[in-house]
Amino acid sequence: MDTKLFIMISALALIFTLESFIPHYKGRTARMKHAFPHFTVAIINGLLTKFLLTGLTLAALAWAESNALGLSHTLPLTSAAKWILAFVLFDIWMYWWHLANHCLEFLWRFHRAHHSDTEMDTTTALRFHPGELVLSTFFRLPVVILIGMSFSQLLVFETALSVSTLFHHSNLAIPEKWDRMLRTVIVTPNMHRVHHSATGAETNSNYTSLLSVWDRLFRSFRTREDTHTITIGLQSFREDRYQRLWGFMITPLL
Ligand SMILES: [Zn+2]
Ligand SMILES: [Zn+2]
């Protein structure tokens, strides 16, 4: 098993277990039924990545490197500075990509399949439509080339992003004092619960994936006094059929 997958599965297992003991939203009983379509789509996305998307990314990175394209290859920076530059710029890209997923109708069709979950927990971090995965892989190719990212930089970023995503989707009851402290640096569950609110103004806030600074900088940062009263999900697609695998898969077409 590769390192990224091992870290992801360990974080998922740990958070999933902890959610049973210290849940933010209490009284959830059918957790495995809720998780099943998410696990299935994770396997589909994993296979798609392994057999198609990684090869595409590797080819683009190798082409950029052999032609000395990208900031990392042209700026006279130390290796540490290149890593920081790659991390920061790619995290900003992730912010704008997520925002585009909310603003552009075509992208939203796929992204709303992530938002239609009415009982968000750590497994929601796996609930991304394969269409969104393919689109995000294609659109980020020019970005990784422009930055001049190496494959190991991308892999480390993706591993950190996976752990962050599993954490900020979680149903862990984190004391507000700790959440406030953590969200000065990273996205927290309370921040992302606001993003998964069915209220439009709240859905269109808190786009960042890793560092919370981007939402503050681009004025999309939003908090809420009591996150227990949030209606998680969307106004539509709330029925049981959209929580099952087939309903999730056809959500972009409806
Ligand atoms: Zn979103
Ligand atoms: Zn989310």
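Is phenylalanine 237 buried, exposed or partly exposed? I counted around phenylalanine 237 and found it partly exposed, because 19 other C-beta atoms lie within 10 Å. My cut-offs: 20 or more other C-beta atoms within 10 Å make a residue buried, 12 or fewer make it exposed, and partly exposed is in between, with C-beta atoms placed from the backbone.

Ground rules, before I go on. This is a predicted model, where local features need pLDDT of at least 70 and side-chain atom pairs count only at pLDDT 80 or more, while totals for chains, interfaces and linings use all residues. Residues are numbered from 1 along each chain as its sequence is written, and chains are lettered from A and ligands numbered from 1 in the order in which they are written.

**Loop entry.** I placed phenylalanine 237 in the loop between H11 and H12; helices here are DSSP runs of H or I with at least four residues, numbered from the N terminus. Its phi is positive, about 55°, although it is not a glycine. Arginine 219 lies in the loop between H11 and helix H12 (245–250), and I noted a positive phi of about 60° there, again not at a glycine. Arginine 219 is exposed, because 8 other C-beta atoms are within 10 Å.

**Helix H4 entry.** I followed H4 through residues 79–103: its 25 residues reach 36 Å from first C-alpha to last, close to the 36 Å expected, which is 1.5 Å times one less than the number of residues. Ala86, Phe90, Met94, Tyr95, His98 and Asn101 of H4 are buried.

I then checked H4 against H5: they pack at about 100°, with axes 6 Å apart (axes are lines fitted to C-alpha atoms over the stretch in contact, and angles run from 0 to 180 degrees between N-to-C directions). So H4 is roughly perpendicular to H5, a label for angles of 65 to 115 degrees. Ala100, Asn101 and His102 of H4 meet Leu107, Trp108 and His111 of H5, contact being C-beta atoms, placed from the backbone, within 7 Å.

**Core entry.** I found 14 residues in the largest nonpolar core, with Ala11, Leu12, Ile15, Leu166 and Phe248 having the most contacts inside it. Such a core is a set of buried Ala, Val, Leu, Ile, Met, Phe, Trp, Tyr and Cys residues joined through C-beta atoms within 7 Å. H1 gives the largest share, four residues.

**Last entry.** Threonine 3 is in helix H1 and is exposed, because it has 10 other C-beta atoms within 10 Å.

Technical notes:
Helices (H or I, at least four residues) and strands (E, at least two) are DSSP runs, numbered from the N terminus. Angles under 35 degrees count as roughly parallel, over 145 as roughly antiparallel, 65 to 115 as roughly perpendicular and the rest as oblique. Two residues are in contact if their C-beta atoms, placed from the backbone, lie within 7 Å.
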